[in-house]
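Reader: Please walk me through this model. Keep it brisk.

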Amino acid sequence: MGVGAGVFILAVVWVLSLLICMLLSRSGGVISWLSIILVFFLALMITLILIFFPRAKETPESVTEDVIYDSFFIGRYCLLCILIVTLLTGLILLFPHYIVEHVEAKFLRN
């Protein structure tokens with residue numbers, strides 16, 4: 001993908017900070033607004049630290065990729081076709097059960 005763990009850490013930090021800000025905004029009052037600002041600036045400081053002090057190099061090292069051959073290609077697709085046919089057959093056999101369900105009329109008078 002080309003992204004590291006820092007991107008996911010930043011996403012988690014901001015989602016948690018927005019969730020905390022939303023929860024604090026429901027309480028009202030001056031202290032809640034000050035804590036919302038504190039949470040926002042804390043998330044901003046964590047973001048700036050993670051952006052300006054990375055642990056890895058900006059250019060990744062070249063990786064030699066090995067070629068992987070799929071020797072079970074035909075068997076996998078045969079299994080997939082069998083499973084699809086089984087699923088469709090089961091749905092077709094189950095469909096009339098729900099359409100032709102026996103419903104008895106209720107008596108209007110006792």
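**Helices and surface**

Author: Val12 is partly exposed, at a relative accessible area of 47%. Buried means under 20% relative accessible area, exposed over 50%, partly exposed in between (1.4 Å probe, protein chains only). This is a predicted model: local features need pLDDT of at least 70, side-chain atom pairs count only at pLDDT 80 or more, and totals for chains, interfaces and linings use all residues. Residues are numbered from 1 along each chain as its sequence is written, and side-chain values use heavy atoms, with hydrogens and water left out.

Reader: In which helix does Val12 lie?

Author: Helices are DSSP runs (H or I, at least four residues), numbered from the N terminus. Val12 lies in helix H1.

Reader: What distance separates the end C-alpha atoms of helix H1?

Author: Helix H1 covers residues 5-25, which is 21 residues. The expected span is 1.5 Å times one less than the number of residues. That should give 30 Å, and the end C-alpha atoms agree, at 30 Å.

Reader: Within what arc do the buried residues of H1 fall?

Author: Leu10, Val13, Ser17 and Cys21 are buried in H1. They line one face of the helix, because seen down the axis of H1 they fall within an arc of 65 degrees. The arc is that of the directions from the helix axis to the C-beta atoms.

Reader: Which helix is included in what covers the buried residues of H1?

Author: On the other side of H1, Ala5, Val15, Met22 and Leu23 are exposed. For the buried residues, the cover includes helix H2 (30-52).

Reader: Is Leu48 buried or partly exposed?

Author: Leu48 is found in helix H2. Its relative accessibility is 40%, so Leu48 counts as partly exposed.

Note on methods
Helix = DSSP H or I, 4+ residues; strand = E, 2+ residues; numbered from the N terminus. Contact = heavy atoms within 4.5 Å.
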